[in-house]
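Subject: Model and notes on salt bridges

Hello,

Please read them with the structure open.

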Amino acid sequence: MTAPRDFPLSLDAGVPQTLRVAGYYFGVISAPAGPVQLAFDGGPFIERSAGMGGGGRFSEIIIKSVLAQTVVLAVVMDEGGTLYDSRATVNAAITAPIEVSNTILALADVTVPAGATAALVAADTARKELIVKLPSTAAAAVRLGAPANVAAGVGFRLEPGESIVLPTTAAVTAYCEGVADETVSLTETRFV
């Protein structure tokens with residue numbers, strides 16, 4: 001597989017240029033004065049701006065621009081090739097603080113009564129994540145959710161042997177679907 005080849009072209013306003021090159025994909029890498037029009041193998045012109053491209057087998061490209069400009073056109077000459085352009089620039093300021101956890105706290109196991117609910121944790125703004133594990137030896141699934149919104153058939157279903165990481169500061173309650181009590185293991189990550 002060959003890499004894309006860049007073709008820098010100086011275009012005069014309204015004057016087409018012919019590029020005789022066999023290829024499968026093309027991309028307009030730069031067109032600082034605006035979009036360009038391209039025609040492939042004598043077909044109709046299409047308009048593309050910088051960052052846009054397309055695919056299809058061709059042996060000739062006619063390119064023109066309404067304004068005079070120097071453009072860079074990339075062509076992939078291999079049917080199995082791919083055209084990527086990683087020359088994008090992002091200029092951004094992140095203003096929100098990002099706090100990761102700095103503490104891992106193992107909590108006591110909680111027994112969830114059969115056909116009933118049990119509070120797993122209360123709301124806590126210092127908690128980043130709650131990790132809930134239902135042992136593989138459990139006979140039935142438990143449901144997880146908000147205290148007022150977890151019951152039979154309601155809430156996230158945690159199967160025996162599964163665990164889940166809940167990125168929440170909210171209170172979490174469990175409901176046991178089985179005919180026997182189930183015990184869940186809990187760990188939380190915190191920022192203190």
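**Salt bridges**

Arginine 190 is buried, with a relative accessible area of 14% (buried means under 20% relative accessible area, exposed over 50%, and partly exposed in between, using a 1.4 Å probe and protein chains only). Its place is in strand E16 (helices, H or I, of at least four residues and strands, E, of at least two are DSSP runs numbered from the N terminus).

Some conventions before the rest. This is a predicted model, in which local features need pLDDT of at least 70 and side-chain atom pairs count only at pLDDT 80 or more, while totals for chains, interfaces and linings use all residues. Residues are numbered from 1 along each chain as its sequence is written, and side-chain values use heavy atoms, with hydrogens and water left out.

Side chains of opposite charge can pair when their charged atoms come close. A salt bridge here is a side-chain nitrogen of Lys or Arg within 4 Å of a carboxyl oxygen of Asp or Glu. Seven salt bridges are counted by this rule.

One of them joins arginine 190 to aspartate 124, with 2.5 Å from N to O. Arginine 190 lies in strand E16 (residues 182–190) and aspartate 124 in the loop between strand E10 (117–121) and strand E11 (127–133), so the pair ties together parts that are 66 residues apart in sequence. Aspartate 124 is partly exposed, at 22% relative accessibility.

Another salt bridge pairs glutamate 188 with arginine 127, where the closest N and O atoms are 3.4 Å apart. Because glutamate 188 belongs to strand E16 and arginine 127 to strand E11, this pair ties together parts that are 61 residues apart in sequence. Both residues are buried.

Asp124, Arg127, Glu188 and Arg190 are linked in a network of salt bridges. Leaving aside neighbours within four places in sequence, arginine 190 is in contact with residues including Ser101, Asn102, Thr103 and Leu105 (contact means heavy atoms within 4.5 Å).

Elsewhere, glutamate 60 forms a salt bridge with arginine 20, the closest N and O atoms being 3.6 Å apart. Arginine 20 is exposed, at 67% relative accessibility.

Regards
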